[in-house]
Structure formats: structure tokens, C-alpha cells
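I opened this notebook to record what I looked up, entry by entry. The structure comes first, then my notes.

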Amino acid sequence: MTSVVKRSLSLEKAALVLLFLFLSACSPAPEEIIQFSGETMGTTYHVTLRNPGDLRAERLKQQLDYQLAHFNQIASTYIDDSELNQLNRAPIGEWQQLSEPLYAILTMAMEVSWLSAGAFDITVAPLVDLWGFGPVKREGRPSDDALADVMERVGYTRLQLDMLEPKLMKSAALSMDLSAIAKGYGVDAAAIWLASLGVKDYLVEIGGEMRVAGKSPRGDAWRIGVENPAGGGPQLAIALGDIAVATSGDYRNYFEQDGVRYSHTIDPRTGRPITHTLASVTVLDPSCAFADAMATALSVMGTERALALAEAQDLPVYIIEKGEEGFVSRYSSAFAPYLPKE
Ligand code: ADP
Ligand code: MG
């Protein structure tokens with residue numbers, strides 16, 4: 001039995017998308033531009049802003065690092081005593097008090113779960129562990145018995161959020177994983193913070209999820225490259241107003257066993273990694289948290305159902321699929337205005 005194991009980080013994805021951005025930023029820039037970057041959530045972040053006034057990159061980076069560290073202390077499954085992990089260990093059937101950021105991200109996660117009929121489900125945490133994509137790395141397929149056992153502890157409908165107060169109750173031994181929405185939430189938080197400092201033109205990116213506002217260093221719209229899964233640079237360049245972009249792709253983090261590729265995106269209804277032919281899903285939305293979570297939800301749903309939901313929600317979505325003769329792209333009506341003009 002041969003077993004090939006391959007993993008890679010979303011760092012690569014971020015690097016490629018940004019490479020393209022920096023290329024487009026190389027033209028003469030009369031205004032003052034500042035850029036800084038760092039590490040968070042197991043990946044990297046990058047910020048570019050235009051006309052910073054009195055703001056200085058070093059100080060901004062210090063403040064953002066501090067805020068991201070604080071957010072990780074709330075929402076990371078990789079920090080043992082994070083607020084999320086404490087909640088994961090909390091007893092069943094008792095209301096638990098939440099911090100405001102955790103309440104906000106959980107509310108958004110639940111909205112995407114309901115919209116996608118459970119294709120997005122943060123209670124996949126034990127499945128993520130079982131398949132070895134969580135804090136404890138493990139390779140190979142679990143047994144059917146182990147899978148059935150873990151499925152007893154999955155299901156967002158058994159999570160209850162209070163409508164008015166930041167409180168949550170679990171009605172089963174559930175644990176939550178926010179990896180598919182946290183980067184987007186972090187991007188939104190950073191964007192809102194920059195706007196509060198009076199910055200009008202910025203790009204914030206964490207692990208490939210990004211949000212832009214105003215103008216790019218060239219003085220026109222920000223342009224983002226959607227990566228070609230076959231390699232060789234961007235497949236599509238889109239010009240954006242004030243909006244966020246998130247991409248899910250099965251070709252970044254996976255393992256292979258006996259010729260089958262196991263993606264880190266799991267179908268919570270079957271408990272198994274997705275296996276269909278979808279290579280990447282890109283979603284545009286004012287909220288990066290929503291776009292991030294939706295990109296994962298649509299990946300789980302597969303092309304046809306994903307496009308049907310995108311049409312129903314009037315959501316701009318661009319999908320790259322593996323066809324018999326290479327990669328094929330499909331998009332929703334709301335994405336059409338973003339396509340480059342012929
Ligand atoms: P991608 O960029 O491919 O969307 P993300 O990092 O945004 O990847 O999200 C993938 C992570 O989300 C997985 O590693 C896992 O922790 C978690 N996850 C996997 N499947 C689901 C799902 N169906 N719903 C919510 N979270 C998921
Ligand atoms: Mg995601």
C-alpha cells in the first residue's frame with residue numbers, strides 16, 4: 001500500500017495573490033504609501049495604505065499585532081486556554097457568557113450555517129481533529145466506527161445563541177473550530193480599525209482573505225488576482241471598490257492516501273473531506289468574515305448547488321473546477337460586472 005502525504009500552508013496562496021498586487025503597485029506613486037506585514041493565525045498578514053498622514057508603519061504594526069494576539073486568545077483552537085477552547089470544554093445545557101467579539105463571530109458563523117443548510121458548520125472541530133487537520137497533526141483515514149462516534153458530537157443546530165445577550169448554550173458535547181471564518185473576521189476588524197484612524201485607502205490581507213477600500217497605490221481601483229490552480233500566476237484580475245474577497249481552495253492543504261486526495265474542508269453532513277472536482281471558490285462581499293465562511297460553505301456544496309445559492313443570494317462568486325481537459329471557470333450573475341472588459 002503506497003501512501004503519499006503532502007501538505008502545504010495557505011502562506012503560498014497569500015504570497016501569490018500578493019505578488020500580483022505588488023506588481024500592480026510598481027508604477028509611480030505620487031502619494032505616500034506605507035506597508036507592513038506580520039504573522040497571525042498560522043499564516044501571514046499584509047497591510048498597504050495610502051495617504052497615512054501622521055500614521056507610521058511601525059506603530060501601526062505594533063498595534064495590529066497586539067489586537068490580533070488578543071483576538072487569537074479569544075478565537076483560536078490552537079491556544080489551549082483561549083476563550084473558544086474554554087467554551088469547548090464547558091458543560092452541556094448551561095448558558096455561557098461570551099466576549100463581544102466571540103458573540104459576533106459565532107452569530108456570523110450560524111448565519112452561514114443556516115444559509116448553506118449545514119455545509120458550513122463550526123462544530124466540525126472533532127472531525128477536523130479526527131482527519132488530522134487540527135492542532136494535532138495526524139495522517140490517514142479514520143475507521144468508520146471512529147467516524148460514527150465523532151458524528152454524535154457534530155451539529156450546529158445543537159448550539160443556541162441568545163438573541164440579545166452574548167451568551168451561548170450547547171445541547172450536546174460540541175466543540176467549535178473557527179478556522180474557516182477567523183481570518184475573514186480578523187481582516188474586517190483590522191479594516192474597521194484603520195477606517196477609525198481616518199485611513200480611506202487600504203488593503204488588509206490575512207492568509208489570502210482580504211478587504212480593500214478607496215484607491216490603490218496607483219491612484220485607481222485595487223486590483224486582485226484570482227490564482228490559477230494550474231500555477232503560472234493569476235488566472236483573472238478583478239478591479240474592486242470597497243469590498244472583501246475570500247478564496248477557498250482544496251489544492252492547498254490536504255493529504256493523499258492510496259491515490260485519494262483528502263481536503264482540509266470537511267462535509268459536516270457526511271463527516272468526510274470533500275472529494276468533488278471543485279478547485280477554488282472566490283466570494284466577494286462587504287464582510288470578509290461572511291465571504292470567508294461562504295467560500296468554505298460553497299466548496300462543500302459543489303459547483304451546481306453553490307451557483308444556485310449564489311444566484312438566490314445575489315452573491316458574486318467565481319468558481320474554478322477541474323474539467324476533463326483542464327480547469328474551467330464558472331461564475332454567478334452578480335460576479336459578471338467584476339470580469340475584465342473584453
Ligand atoms: P480555505 O482557505 O480552503 O477556505 P480555511 O482556512 O478558510 O480554508 O478553512 C478551512 C478550515 O476550516 C479547516 O482546516 C477546518 O479547520 C475548518 N473547516 C473544515 N470544514 C469546515 C466546514 N464544513 N465548516 C466550517 N469549518 C470547516
Ligand atoms: Mg475560509
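In which loop is Ala117 found? I located Ala117 in the loop between α4 (100-115) and α5 (125-130). Ala117 has a positive phi of about 50°, although it is not a glycine.

Ground rules next. This is a predicted model, where local features need pLDDT of at least 70, side-chain atom pairs count only at pLDDT 80 or more, and totals for chains, interfaces and linings use all residues. Residues are numbered from 1 along each chain as its sequence is written, chains are lettered from A and ligands numbered from 1 in the order in which they are written, and side-chain values use heavy atoms, with hydrogens and water left out.

Entry: the whole protein. I noted nine helices and 17 strands. Helices (H or I, at least four residues) and strands (E, at least two) are DSSP runs, numbered from the N terminus. Buried residues make up 54% of the 342 residues. Buried means under 20% relative accessible area, exposed over 50%, and partly exposed in between (1.4 Å probe, protein chains only).

Entry: Asn51. I found Asn51 in the loop between β2 (43-50) and α2 (57-75). Its phi is near 50°, a positive value in a residue other than glycine. Asn51 counts as partly exposed because its relative accessibility is 39%.

Entry: Strands β8 (residues 222-227) and β9 (residues 234-240) run antiparallel, joined by six bridges. Two strands pair if DSSP finds at least two bridges between them. I looked up Ile224 and read Ile238 in β9 as its bridge partner. Six residues lie between the strands of this hairpin, where Gly231 takes a positive phi near 90°.

Entry: ligand 1. Which residues come nearest to ligand 1? Of the 21 residues around ligand 1, I listed Ala119, Asp177, Lys183, Ser248 and Ile266 as nearest. A residue counts as near if one of its heavy atoms lies within 4 Å. By class, this shell has eight nonpolar, seven polar and six charged residues. I saw that α7 (179-196), β10 (243-249) and α8 (288-301) each supply at least two residues of the shell.

Then I checked distances to oxygen atoms of ligand 1. A polar side-chain atom of Ser248 lies 2.3 Å from one. For an N or O atom in the side chain of Asp177, I noted 2.6 Å. A polar backbone atom of Thr247 is 3.3 Å from an oxygen atom of ligand 1. The protein covers 95% of the 570 Å² of accessible area (Shrake-Rupley method, 1.4 Å probe) that ligand 1 has on its own.

Notes
Polar contact = N/O pair within 3.5 Å; in protein donor to acceptor, adjacent residues only side chain to side chain. Nonpolar A, V, L, I, M, F, W, Y, C, P; charged D, E, K, R; others polar.
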